[in-house]
Every structure is written in structure tokens, then in C-alpha cells.
Amino acid sequence: MKIGITGGIGSGKSYVCRLLEQRGYSVYDCDSAAKRLIVSSPSIRRRLTALIGPHTYFDDGSLNKGAVAAYLLASEAHANDIDRIVHPAVFRDFIESGIEWMESAIIYESGIYRLVDRVIVVTAPQEVRIQRVMARDGISREKVLEWMSRQMSQEEVRQRADYEIVNDGQADLQQQLEDILESINKK
């Protein structure tokens, strides 16, 4: 059975994935995989360079994040163009990895939810999420809110997911995880 873990920025999905890894589960990180593939895949490099231009990569082979970000933020169509190149590569890489657990912040938006049997969403109150991201990334409240506005709403993700882990700083994460694992293993 393949399980996806998702949650909005600051929800604590990566922390929950670390708890799973401490229990011996391997978790495929879609974001890390995308960053790796953007640099290592000749096909992605070729397609991104054709899309964005010769300044997409530096001479040493590393990604010119500034150039990519400028292209990406210029329009939603540009973001979609990049997604059409990167997402299928991540999907293939996940399938080929043989890993049963996967972490993706954009599990529904990207369509990768189709590759898993169950989805767990990690949720937290908005103010908790804002404070976590501000502290973690050293950015303004306005910037966090801007990032949050670009993601599917927590409520919509909650409604679509099979399980929820509440990470509000009070609820027992280990017990919630144990209950979900027990439910999944029964199926």
C-alpha cells in the first residue's frame, strides 16, 4: 500500500515524516526529488533550458534559481509549463523508488495523489503555521500569508484526505500516528 503525507506550509508534515522514519519507514520527499532531478536529469535540463533560456543553469551545472524563480513568478502559465516538465519526472522517480510512503506539499495540485492508496494530511491552526514559518525561514508574516494563499486551503485538503494528524503543539502526534498506522495495517 502506498501512502501520501501532505499539509500546508508550516503544518509540520516534514516533522511527521521524521517520526515515521524513526519508526523504520522510508519516506520519499517529492520536493527534494524535484530539486535533485532538475539538476541531474539531462531531459529536464534540456527542456527547462529550451523553456527559460540559456541562463537556466550556471556553467558549473547548478541551477540558476534566480532565473527560474523570475520565470516561474512571471505568470501562472509559466509555473504550469515548469510543472509539466518536473512533475512527471518526480512521479516516475517515486514509482521506480519502490518506497511506499511519500511526502508532498502539493499532493492534489500536482496529481501525484493518484499514485497512492491513502492520504494523510497534517494540519495546524493558521496562526501556529504562520509563526512556525516566520521563525523557520526568517520572513515576514505577509510573505507567509502570500505563500499560504498559493496553496490549496487546509480545509479542502482535509476534506479530500483519508486521515488527519493535528499538529497544534498540544495533540499527541505519536498516538495519532500509531492509530493511523494501526488502521492502515488492518486494511
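Modeller: Happy to! A helix here is a DSSP run of H or I with at least four residues, and helices are numbered from the N terminus. By that count, V144 sits in helix α8, which covers residues 141–149. Please keep in mind that this is a predicted model.

Let's start with V144 itself. Its relative accessible area is 0%, and because buried means under 20%, V144 counts as buried. What does V144 touch, leaving aside neighbours within four places in sequence? The contacts are I130, V133, M134 and I139. As for Q131, 13 residues away along the chain, its C-alpha atom lies 8.9 Å from that of V144.

Helix α7, residues 126–137, packs against α8 at an angle of about 115°, and the two axes are 9 Å apart. The crossing of α7 and α8 is right-handed. On the α8 side, R141, V144, L145, W147 and M148 take part in the contact. They meet α7 residues including I130, Q131, V133 and M134. Sorted by class, this contact has seven nonpolar, two polar and four charged residues.

Finally, a look at the wider protein. In soluble globular proteins, nonpolar side chains tend to be buried together. Here the largest nonpolar core has 30 residues, and I44, L48, V90 and M102 touch the most other members. Helix α5 gives the largest share of this core, seven residues. Apart from that core lies another, of 17 residues, with V16, V27, V122 and L177 among them.

Conventions. Residues are numbered from 1 along each chain as its sequence is written. This is a predicted model: local features need pLDDT of at least 70, side-chain atom pairs count only at pLDDT 80 or more; totals for chains, interfaces and linings use all residues. Side-chain values use heavy atoms; hydrogens and water are left out. Helices (H or I, at least four residues) and strands (E, at least two) are DSSP runs, numbered from the N terminus. Buried means under 20% relative accessible area, exposed over 50%, partly exposed in between (1.4 Å probe, protein chains only). Contact means heavy atoms within 4.5 Å. A nonpolar core is a set of buried Ala, Val, Leu, Ile, Met, Phe, Trp, Tyr and Cys residues joined through side-chain atoms within 4.5 Å. Axes are lines fitted to C-alpha atoms, for helices over the stretch in contact, and angles run from 0 to 180 degrees between N-to-C directions. A crossing is left-handed if the near helix is turned anticlockwise from the far one by less than a right angle, and right-handed if clockwise. Ala, Val, Leu, Ile, Met, Phe, Trp, Tyr, Cys and Pro count as nonpolar, Asp, Glu, Lys and Arg as charged, and the others, Gly among them, as polar.
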